[in-house]
Amino acid sequence: MNVINPEGSFTVSYDPIDGNCVFDVNMSVCSVFGVWHSKEINGLKGKDLVGAVCTVYGSRTSLVWYNPQAKKVEELTLLETKGEERWVVTMPNIKIKEGKASLFSPGLRSCYDKPELLDIFKQYC
């Protein structure tokens, strides 16, 4: 762990998901960041996050994050305007419609086949 501010009260973790096998074909890669209001994250779960960001780098660079001031999920896109690159809110209020959410990760396929595995999965979320 790299400590940037010993007096700080947040911990940020990330997974660069570098996608080094897709650079040759110009496919997008991403990074995922998690923010906890704690100096120690051991034992914390996904539901303990106070913030999260998913960035996508490619022909279009964008990020999706929870904006705690506006209390909504937003997409920002890196755009060039007037000769400068700036982050612009391109989707101001992203929502999942009620009843439309589902598990979609192929890695979670086993939870469909054996529902008792979903309980184990939920312990880490």
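Visitor: How many helices and how many strands are there in the protein chain, and in which order do the elements run from the N terminus on?
Guide: In this predicted model, the protein chain holds two helices and six strands. Read from the N terminus on, the elements of the chain follow the order β-β-β-β-β-β-α-α.

Visitor: How many bridges join strand E1 to strand E2, and which way do these strands run?
Guide: Strand E1 covers residues 11–15 and strand E2 covers residues 29–36. Within this pairing, Tyr14 stands opposite Phe33 in E2. The two strands are joined by five bridges, and they run antiparallel.

Visitor: Which residue in E3 is the bridge partner of Val35?
Guide: E2 and E3 run antiparallel and are joined by seven bridges. In E3, the residue that partners Val35 is Gly51.

Visitor: How many disulfides does the structure hold?
Guide: A disulfide needs two cysteine sulfur atoms within 2.5 Å, whereas the sulfur of Cys30 has its closest cysteine sulfur, that of Cys54, at 4.8 Å, which is too far for a bond. Cys54 is likewise in no disulfide, with the sulfur of Cys30 as its nearest cysteine sulfur. The number of disulfides in the structure is therefore zero.

Visitor: Are Cys30 and Cys54 buried, partly exposed or exposed?
Guide: The word buried applies under 20% relative accessible area, and partly exposed applies between that value and 50%. Cys30 has a relative accessible area of 17%, so Cys30 is buried. Cys54 has a relative accessible area of 32%, so Cys54 is partly exposed.

Visitor: Where in the chain do Glu75 and Arg60 lie, and how many residues apart are they?
Guide: Glu75 belongs to strand E5 (residues 72–81), while Arg60 lies in the loop between strand E3 (51–57) and strand E4 (62–67). Glu75 is buried, at a relative accessible area of 9%, whereas Arg60 is partly exposed, at 42%. The pair links distant parts of the chain, and the separation is 15 residues.

Visitor: With which residue does the side chain of Thr77 make a polar contact?
Guide: Thr77 is found in strand E5 and is buried, with a relative accessible area of 3%. Leaving aside neighbours within four places in sequence, Thr77 is in contact with several residues, among them Arg60, Thr61, Trp87 and Val88. The polar contact between side chains has a length of 3.1 Å, and the partner of Thr77 in it is Arg60.

Visitor: Which side chain is joined to that of Thr55 by a polar contact?
Guide: Thr55 has its place in strand E3 and, at 7% relative accessibility, counts as buried. Beyond its neighbours within four places in sequence, Thr55 is in contact with residues including Val29, Cys30, Phe33 and Leu63. The side chain joined to that of Thr55, by a polar contact of 2.8 Å, is the one of Tyr57.

Conventions:
Residues are numbered from 1 along each chain as its sequence is written. This is a predicted model: local features need pLDDT of at least 70, side-chain atom pairs count only at pLDDT 80 or more; totals for chains, interfaces and linings use all residues. Side-chain values use heavy atoms; hydrogens and water are left out. Helices (H or I, at least four residues) and strands (E, at least two) are DSSP runs, numbered from the N terminus. Buried means under 20% relative accessible area, exposed over 50%, partly exposed in between (1.4 Å probe, protein chains only). Two strands pair if DSSP finds at least two bridges between them. A polar contact is a pair of N or O atoms within 3.5 Å; within protein, one must be able to donate a hydrogen and the other to accept it, and residues adjacent in sequence count only if both atoms are side-chain atoms. Contact means heavy atoms within 4.5 Å.
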